[in-house]
Amino acid sequence: EESNISVEDKALNCLNESSKFMREMSSFNISIRRVNDSYTQAFSLYEAQLVLKNSKKNHDFSVVMGYCDQIKSLRDDSLEAKDQLDAMLKFYSTSLSDEFNTTTVDKIISEIKLEMDSERYERVKPLIDSAYEEIIDLQSSQTTVRLFYDSTTRSIKKFFYDNWKVISLV
C-alpha cells in the first residue's frame, strides 16, 4: 500500500525506476546524458540524506523526487519524439519518389536528429510537423504538374485527332 511506504523507500523506488528508464532509453539508442546527470544528482542527494539520517540529523528524502519526475518526463518526451520521428520517416519514404527534390525535407530531418541527439525533445514536434507539411507540399506540387501534363497531353492529342486531315494536307 502506497501510504505505508516511507519517503525514504519512495525515493529509493524512484531511483530504481529512473535507472530502468535509462536502460529503456538506451535500448532505443536514445541519448541519456541529461537523464544520467539528473540521476547522478538524485542519487547523490539520496546518499546525502542517508548520511544525515544515520547521523541523527534532519533529513528529507523527498528532495530526490523532483529529479525522478524530471527523468520520467525526459523519458516520456524522448520516446514520443522517437515514435513521431519513426512515423514521419516511414511516411516520407513511402510518399516521395526519387523524382522529388527532397532537399528541404532532408534538412528538416537533419535538424530533428540534431535535436534528438542534443536531447531537446520539446523542439522535435514542431520540426516533425514542418517535415509533414513539406512532404505534403511536394506531393501536391507533383500532383499539379502531373495533372497539367496529363491535361496538356490530352488536349494536344485531341487537337491532332480532330484536325489530322487539315494537318496532313499542309
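**Helix 1**

I take helices (H or I, at least four residues) and strands (E, at least two) as DSSP runs, numbered from the N terminus. I am working on a predicted model, where local features need pLDDT of at least 70, side-chain atom pairs count only at pLDDT 80 or more, and totals for chains, interfaces and linings use all residues. I number residues from 1 along each chain as its sequence is written, and my side-chain values use heavy atoms, with hydrogens and water left out.

I then checked the length of helix 1. Its expected span is 1.5 Å times one less than its number of residues. For the 21 residues of helix 1 (residues 7-27) that should give 30 Å, and the end C-alpha atoms are 30 Å apart, which agrees.

Next I asked which residues of helix 1 are buried. I call a residue buried under 20% relative accessible area, exposed over 50%, and partly exposed in between (1.4 Å probe, protein chains only). My list for helix 1 reads E8, A11, C14, L15, S18, S19, F21, M22 and M25. They cover an arc of only 160° around the axis, which puts them on the same side of helix 1; I take the arc from the directions from the helix axis to the C-beta atoms. A reminder to myself: an α-helix has 3.6 residues a turn, so residues three or four places apart point the same way. On the face turned away from the buried side of helix 1, I found the exposed residues R23 and S27. The buried residues of helix 1 pack against helix 2 (33-54) and helix 3 (65-95), with contact meaning heavy atoms within 4.5 Å.

**The disulfide**

I searched for disulfides (a pair of cysteine sulfur atoms within 2.5 Å) and found one in the structure. C14 and C68 form it, with their sulfur atoms 2.0 Å apart. C14 lies in helix 1 and C68 in helix 3, so the pair ties together parts that are 54 residues apart in sequence. The torsion about the S-S bond of C14 and C68 is about 55°, so I noted the disulfide as right-handed. Both C14 and C68 are buried.

**Two positive phi values in loops**

K56 sits in the loop between helix 2 and helix 3, and its phi is near 60°, a positive value in a residue other than glycine. E119 is not a glycine either, yet has a positive phi of about 60°; its loop runs between helix 4 (103-117) and helix 5 (124-169). Are they buried or exposed? K56 is exposed, at a relative accessible area of 78%, whereas E119 is buried, at 1%.

**Around helix 2**

I stopped at Q49 in helix 2, which counts as buried at 9% relative accessibility. Not counting residues up to four places away in sequence, Q49 touches H59, D60, F61 and V63.

**Aromatic pairs**

My search of the whole structure gave three aromatic pairs. Rings of Phe, Tyr and Trp (its six-membered ring) pair if their centres lie within 6.5 Å; planes under 30 degrees apart count as stacked, over 60 as edge-to-face and the rest as tilted. One of the pairs is Y46 and F61, with centres 5.3 Å apart and planes at 55°, so I logged it as tilted. Both Y46 and F61 are buried. I also logged F91 and Y132 as tilted, because their centres are 5.3 Å apart and their planes at 50°. F91 lies in helix 3 and Y132 in helix 5, so this pair ties together parts that are 41 residues apart in sequence. F91 is partly exposed at 27% relative accessibility, and Y132 is partly exposed at 26%.
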